[in-house]
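Here's a quick walk through one model, written to be read with the structure open beside you. Have a look at the picture, then read on.

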Amino acid sequence: MRLALNSYQLEVLFRSLLAIIGGFVFSLLLSLLISFILPTEKMHAVAWSTMLFFVVLPAVVMWSFGIANYKSGALHLVLSVFILSGLSWLFAPVGVFS
Amino acid sequence: MKSAFRQSMAWLHTWVGLLLSWVLFFIFLTGTLGYFDSELDHWMTPETPVFNATAEQSLPIVNQFIKSKTPEIKNYSVSFPVDRSQPYLSISYRDEENKRKRVKLNPYTGEELTPRATAGGQTLYRMHYRLRYLPSRVAYYIVGAATMFMFLALITGVVVHKKIFKEFFTFRKGKKPTAWLDGHNLMSVMSLPFHFMITFTGFLLLLYTLMPLIMNAHYGLGKEGRSAFFNEYFSRTSVEASGVYEAHLDLETLLEKSKVTMQNKPIAWFSLSNADDSNAIFEVGSIHKTLSDSRDKWLLDANTGELIEAQIGQSSSKSFYYVLRSLHEGLFASTPLRWLYFLTGLFGTAMIASGMVLWTVKRRSKALKTGGGTFGYRFTEGLNLSCLLGLPAGVAVYLLANRLIPEEMSDRAMWEVNALFITWGLFTLYGVGKAILKKADFAWVSLTYITATFYALVPVVNTLTTDHNIIFSLKQQNWVFVGVDLLCVFTSFILFFLANYLRKMFKTESVKSGNSNEKFLQEEQA
């Protein structure tokens, strides 16, 4: 069995990591941010955004496998993760705007 | 651009569909059978009849049972046989050693029912999210991942279809793999809303186990955060006993009072906590009949009979959550709707099965040309066939084991389940072994015959070991027993037909591919 991966296998591996790790972090941060800013009771905000997580995640997974250039896609995802964590930090109950 | 996107989605559909298809097939088949869990419970305990008695009719027996207990029990709950999921009177309480106990009673005579120990329909149904032989947390994560794969396969499946409506009416018979593809499409599109609903609501049932982090961010980490959230969200209130003695109203009066507050809805269950204490609470609920009443209950002060709180209907995210949960569980469904649930569930199972077959069929001609295909191809075909046949065979053996395992055997219920998995395991060993040796065709045919035989045996063994033969069941109008017998015979017929069809198909194919194999060999030599 050869251990070196060809370029197709490498791309599949990279896109899968992007989908699983990137998708998880992105969906979590987006749902978290929404749970902070939803203008409802805290418990309902938690429930809505937890349910939302399971809609965002498959969308990101499909995006990771659908984009033409996965390298620039990964860059965009990392950027948006930074923006989302910044916003979450601003809106968190212990954050700046509370 | 658009077609490139569709192509990558087709790729994703293929691999996401295949990777966990074995788990998904298991989840869908056992879950579908679970829509008849109570009926299977009844079939698997043929010695106890099904009772039907209202709360008023069963109350004398409840009183008699409570009074017979020394020391008195202070906390107990009672379910009345008014619904399909409750075929006898049952009372749950804690005994002297504070252990949970549940007795099943004849609601007219008070006689305790002791049917054979059986895993029953409940275990079969519970396996579809709890799996078996695994710690529950691991099982939940596997099922959660499988659900996500299913969800992705569904969305990408829709994206891939340019002409979803037109293809729904397309069936190109005989031309493999197009016949398989059209069959797969038919199974998927025919009950697509059901597939989406059942998959997404599957997440909701394990919601805070699969994604606890948002809850943790607001309510704190670990068990404490979880219970803080759950207490608030699910309004879990437990009232401690005060230690001050106060006699509670008798059960007749409490039931009458609750009937008035519940506007004459039939009483399905009640529970009494802290009896003979100033903080005694009486909770009561009705039958689950619509999508939104799954958690309805009424709280009364057991000493005065006054209504403390009516928890009926839900608001905001809770109503959304509970309606979707009820849709998944289908507990509210009447008999015709239950059959529809069962049928669409079977379509879903068939969708997964045809998808698995499609994966190999598409690679088959190439494999035949190269003298049997790669190891990965053969291994996958072996796993596919042993899963598609092994699990249904296992279910038949599960039913057979219920009749054949001696009643006095210890851990009887556990061995019923083991019988299912041993059958599946043997099928897997045989199927994968044969497929690796390039004899998958033979394994397909022989295992289909064996599975058909198992299903044919179920009514026979049932007739020999119980007095519920089909004529008796028809006379008694016991539709559960009639239904199981007929369904097993029907399944067996279909499987025999399928086995014959496969045998003929492989024969003609091997004649053709024999030629191409020779050609291939000649090319190799040249």
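## Before you start

A helix axis here is a line fitted to C-alpha atoms, over the stretch in contact, and angles run from 0 to 180 degrees between N-to-C directions. This is a predicted model, where local features need pLDDT of at least 70, side-chain atom pairs count only at pLDDT 80 or more, and totals for chains, interfaces and linings use all residues. Residues are numbered from 1 along each chain as its sequence is written, chains are lettered from A and ligands numbered from 1 in the order in which they are written, and side-chain values use heavy atoms, with hydrogens and water left out.

## Chain B at a glance

Chain B has 20 helices and 7 strands; helices (H or I, at least four residues) and strands (E, at least two) are DSSP runs, numbered from the N terminus. Its C-alpha atoms fill a box of roughly 100 × 60 × 40 Å along the principal axes. Of the 526 residues in chain B, 47% are buried, where buried means under 20% relative accessible area, exposed means over 50%, and partly exposed is in between (1.4 Å probe, protein chains only).

B:Tyr108 and B:Ala179 are 71 residues apart in sequence and 57 Å apart in space, C-alpha to C-alpha. B:Tyr108 is partly exposed, at 47% relative accessibility.

## Two helix pairs

Start with H16 (residues 375–404) and H17 (residues 412–436) of chain B: they pack at about 155°, with axes 7 Å apart. That angle makes H16(B) roughly antiparallel to H17(B) (under 35 degrees is roughly parallel, over 145 roughly antiparallel, 65 to 115 roughly perpendicular, and the rest oblique). The contact of H16(B) with H17(B) has 20 nonpolar, 8 polar and 3 charged residues. In this count Ala, Val, Leu, Ile, Met, Phe, Trp, Tyr, Cys and Pro are nonpolar, Asp, Glu, Lys and Arg are charged, and the others, Gly among them, are polar.

Now find H6(B) and H9 (residues 192–205) of chain B, which pack at about 150° with axes 9 Å apart. H6(B) is therefore roughly antiparallel to H9(B), and the crossing of H6(B) and H9(B) is left-handed.

Which helices each supply at least two residues of the lining? They are H1 (7–37) and H2 (42–66) of chain A, together with H1 (2–19) and H6 (136–160) of chain B. H1(A) gives the largest share, 7 residues. By class, the lining divides into 28 nonpolar, 4 polar and 1 charged.

## Two positive phi values

Most residues other than glycine have a negative phi. B:Leu131, not a glycine, has a positive phi of about 50°. B:Leu131 is in the loop between H5 (120–130) and H6 of chain B, and is buried at 11% relative accessible area.

B:Gln263 also has a positive phi, near 55°. B:Gln263 lies in the loop between H13 (251–261) and strand S4 (267–273) of chain B, and counts as exposed at 66% relative accessibility.

Definitions and conventions. A crossing is left-handed if the near helix is turned anticlockwise from the far one by less than a right angle, and right-handed if clockwise.
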